Amino acid sequence: MQDANTLEAQHETGMLRESAVDFVRRNIETKKLRERRRTLPGYDAGTLSHMAELGWLGIVVPEPYGGLGLGFAEMAVVLQELGKGLMADPMLSVAFAGRVLQHGTNEALKQSLLPPLVEGRLLPCVAWQEVQGGIDPKAIATRAEADGEDVLLTGSKRFVAGAAGAGGFVVSARSSSGYGLYWVTSDAPGVTVRYEWRADETPSGIVELRSVRVSADNVVCAASEGGLAALERAVDEAAVLAAAEMLGVVEAALQMALAYMRTRVQFDKPIGSFQALQHKAADLYVQQELVRAVLQDAVRELDGDGDALERARLASRCKARGSDAGLRVTREVIQLHGAIGFTDEYDAGLYLKRALVLSAFLGNATAHRRRFATLQEDTLAV
Amino acid sequence: MAENGQAPDWNALTDDEFRRVAREFFETHVPQHLRYLSRRPRWAEVKDWYLTMSRHGWLVPSWPKEWGGMGLSQSKVLVYLEELERSGAPRVMDQGLMNIGPLLIARGTDEQRRRFLPKILSGEQTWCQGYSEPNAGSDLASLRTEARIEGDEFVINGSKIWTSVAFDATHMFALVRTDKTVKKQAGISFVMIDMRQPGVTVRPIRNIAGHEELCEVFLDNVRTPVANMVGGLNEGWNVAKALLGFERIWSGSPRQSMLALLRLRMLAKASGKMADPVFVDKLAQVTMDVLDAASAYERFAQIMRTGGSFGFEVSMLKIWATETCQRATELMVEAAGDLGGLIGNVDVEGETLDILYPFLECRAFTIYGGSSQVQRNILAKNVLELPS
């Protein structure tokens, strides 16, 4: 029983998938991926402007702010396809920041930041975690001190994805009245950014804030206006999107291994004819399909009007499954290839490293399992 | 037939509306003393419940209305089964309802339908399935029970094994060898046999959970009319495969693992294990595994619901659902500590629980209906397109 809306949505999703598949086919070049290692900003500027032209940076941004006003189903499809080509950066970190801004209460700020975000002219990112990481948005030491009408932010943020090339940061901080979210441009006095390198040798930002002045205009969400609720919701959404990219990584890696198993001959037979390897591949396929199934449910939840608890539970299930399956599949894909899979010149390692990045990003499987356990309702329908 | 002789048009309801009606029906009619049994009851115990369903026109969800069924669409059949399961209703003799009935409706002759279907509805005939043999398990097509034609009858010799509740069945549908000279799949026929004749011997087999539900059935010069064959001579393999369509999704439903999880949580609460962070993490893991099994199941159910079809990829459901169920029961035994060494009902801080029964029972889930290993072979060959 599908109404016209669903069919229209399916049509939309199908078209986006086609154009993303086409985009990856035209632009994929793992050689360049290797050349960009340990360079800033860690993605190709040309690719980014191409994505912006296609409207992808605005898929989940409402139309009044210049976006396409589509749903997470559409966004997930694009990220999944880009994931197959290892070329999703910096879509996810930008979408994450866009969602925090949207869930915030500062209408003027949305109007000034979201349209340039959609056009790719100003890339925001979220600076919320600190020295130990973790997914509790309240486990932070960064302070917001009132100074007349303004606030002064002091602290150190870590694991800031998309920090290189970012025009500004949504920063979480605590004050005597609670937690709040603040917009800080990257050139503001008192802001310094350093980098650590993620598993795939793309940058992860450390943002130091020393008495950084934020005017009342740039308060994304004050403590009295829901504080971190906007961030909490956006973390759930971005975690699901990370699982969508992971699904693409998993699919591409598994396909690579299957193709190899069909053609690599040992003991006079293709290695794919050996049952020990067939069963391993079948198990990886099961994991891939589980990610797909949970992702579908999670995306539907995000696109519906579910309550916050159900949203959080599904996001944690989705991210936990995605992280576990992503690491397992990309690890085993190396094993299925044998020695060639261990070399840097072969692409299997690139998928493993992207899986390591996505797995750790926004909470790994253990962190989400722990969160799920605390969120889990006492009863379970039989 | 419904009491007023006119079955309602259930498919006019939405799935959600039908779910409410089904829930209410089972809530009202399932006898209290038969709910949530931890064993499969004998026919004598559940016959009244079977006849109650039959009287109300609720016995067979999938058959068309002209044959006394509810005529439900596939998605509503799933809803029906889910609600039946949820109500804790006991399993009845269902091979006639779920397997041979639909098969006769699809592939039988009019004469066969008239002769068998009404008697299944009335409970006069109860059916069992004769597929596996001592030397034909995962390699089912190597079966050797032989049927030779004498006049207008088959004379059948051989034995079947792992036949559920054969001792309560009046009839068996079976795969038999009718040609030994051709490729093994091409020499098999599908026949229906009256069990109430000399030469049929049923021997129950006690399983590791202590129950006698599975049987070995010996067939010694047993006779059945050639008119009781479904499909043509030597076409039995394809007839049997046609039966597997629905079973492929239902055998991968998360219902068993949901139940295992429920029992595990009961134990955890009674024993105070929820205070142990290591256990809580393992519980969260297996809970997510079960919920993910439900998401995967729902994905296939949805395809079915919207009139789509799927192929061999559905094998992933059975692998994941049954192996997850086993992990849940394994965690239950581990969490029980010393109590995990005690068989039968045991006292857990005032609560009575059978800790080992779920663990032992679900060893069978990864074996029957195509073992986990056979399912992996199917995925490797048909979905992953790996060479043989």
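This is a predicted model: local features need pLDDT of at least 70, side-chain atom pairs count only at pLDDT 80 or more; totals for chains, interfaces and linings use all residues.
The interface between the two chains is considered first. The size of an interface is often given as the accessible area lost when the parts come together. For chain B and chain A, the buried area amounts to about 3600 Å², and 63% of this area lies on carbon and sulfur atoms. Chain A contributes 42 residues to the contact, and chain B contributes 37 residues. Between the two chains, 18 residue pairs are in polar contact, with both members at pLDDT 80 or more. On chain B, the side that touches chain A receives at least two residues from each of helix H7 (255-271), helix H8 (277-305), helix H9 (315-336) and helix H11 (372-383). Among the contributions to this side of chain B, the largest share is that of H8(B), with 14 residues. Sorted by class, the side of chain B that touches chain A is made up of 19 nonpolar, eight polar and 10 charged residues.

Charged pairs also occur across this interface. Side chains of opposite charge can pair when their charged atoms come close. Five salt bridges are found across the interface of chain B and chain A. One salt bridge joins the side chains of A:Arg369 and B:Asp281, with an N to O distance of 3.3 Å.

In soluble globular proteins, nonpolar side chains tend to be buried together. The largest nonpolar core in the model holds 189 residues, of which A:Trp56, A:Leu82, A:Phe96, B:Phe190 and B:Ile249 touch the most other members. The greatest contribution to this core, 22 residues, comes from helix H7 (residues 229-263) of chain A. The surroundings of A:Leu82 can be given in detail: apart from neighbours within four places in sequence, A:Leu82 is in contact with A:Phe23, A:Val24, A:Met51, A:Trp56, A:Met87, A:Ala88 and A:Met91.

Over all chains, the count of salt bridges comes to 64. In the pair A:Arg292 and A:Glu289, the side chains meet at 3.0 Å, N to O. These two residues are separated by about one helical turn, because they stand three residues apart in helix H8 (residues 275-303) of chain A. Both A:Arg292 and A:Glu289 are buried. The two residues also belong to one network, in which salt bridges with shared partners join A:Arg17, A:Glu81, A:Lys84, A:Glu251, A:Glu289 and A:Arg292.

A further salt bridge is formed by the side chains of A:Glu107 and A:Lys110, at 4.0 Å from N to O. This pair likewise lies within a helix, H6 (residues 107-119) of chain A, the two residues being three residues apart, or about one turn of the helix. A:Glu107 counts as partly exposed because its relative accessibility is 36%, whereas A:Lys110 has a relative accessible area of 11% and is therefore buried.

The salt bridge between A:Arg213 and A:Asp147 has its closest N and O atoms 2.8 Å apart. This pair links distant parts of the chain, 66 residues apart, with A:Arg213 in strand S7 (residues 203-214) of chain A and A:Asp147 in strand S2 (residues 143-147) of chain A. A:Arg213 is partly exposed, at 49% relative accessibility, and A:Asp147 is also partly exposed, at 33%.

Two residues of chain B complete the description. B:Thr28 is located in helix H1 (residues 15-29) of chain B. With a relative accessibility of 54%, B:Thr28 counts as exposed. The side chain of B:Thr28 reaches the backbone oxygen of B:Glu24 at 2.5 Å. The C-alpha atoms of B:Thr28 and B:Ser87 are 9.7 Å apart in space, while the two residues are 59 residues apart in sequence.

B:Glu216 is placed in strand S7 (residues 212-225) of chain B. At a relative accessible area of 10%, B:Glu216 is buried. When residues up to four places away in sequence are not counted, B:Glu216 touches B:Pro134, B:Ser159, B:Lys160, B:Ile161, B:Thr201, B:Val202, B:Arg203 and B:Ile205.

Methods:
Residues are numbered from 1 along each chain as its sequence is written. Chains are lettered from A and ligands numbered from 1 in the order in which they are written. Side-chain values use heavy atoms; hydrogens and water are left out. Contact means heavy atoms within 4.5 Å. Buried area is the accessible area (1.4 Å probe) that two parts lose on being put together, summed over both. A polar contact is a pair of N or O atoms within 3.5 Å; within protein, one must be able to donate a hydrogen and the other to accept it, and residues adjacent in sequence count only if both atoms are side-chain atoms. Helices (H or I, at least four residues) and strands (E, at least two) are DSSP runs, numbered from the N terminus. Ala, Val, Leu, Ile, Met, Phe, Trp, Tyr, Cys and Pro count as nonpolar, Asp, Glu, Lys and Arg as charged, and the others, Gly among them, as polar. A nonpolar core is a set of buried Ala, Val, Leu, Ile, Met, Phe, Trp, Tyr and Cys residues joined through side-chain atoms within 4.5 Å. Buried means under 20% relative accessible area, exposed over 50%, partly exposed in between (1.4 Å probe, protein chains only).
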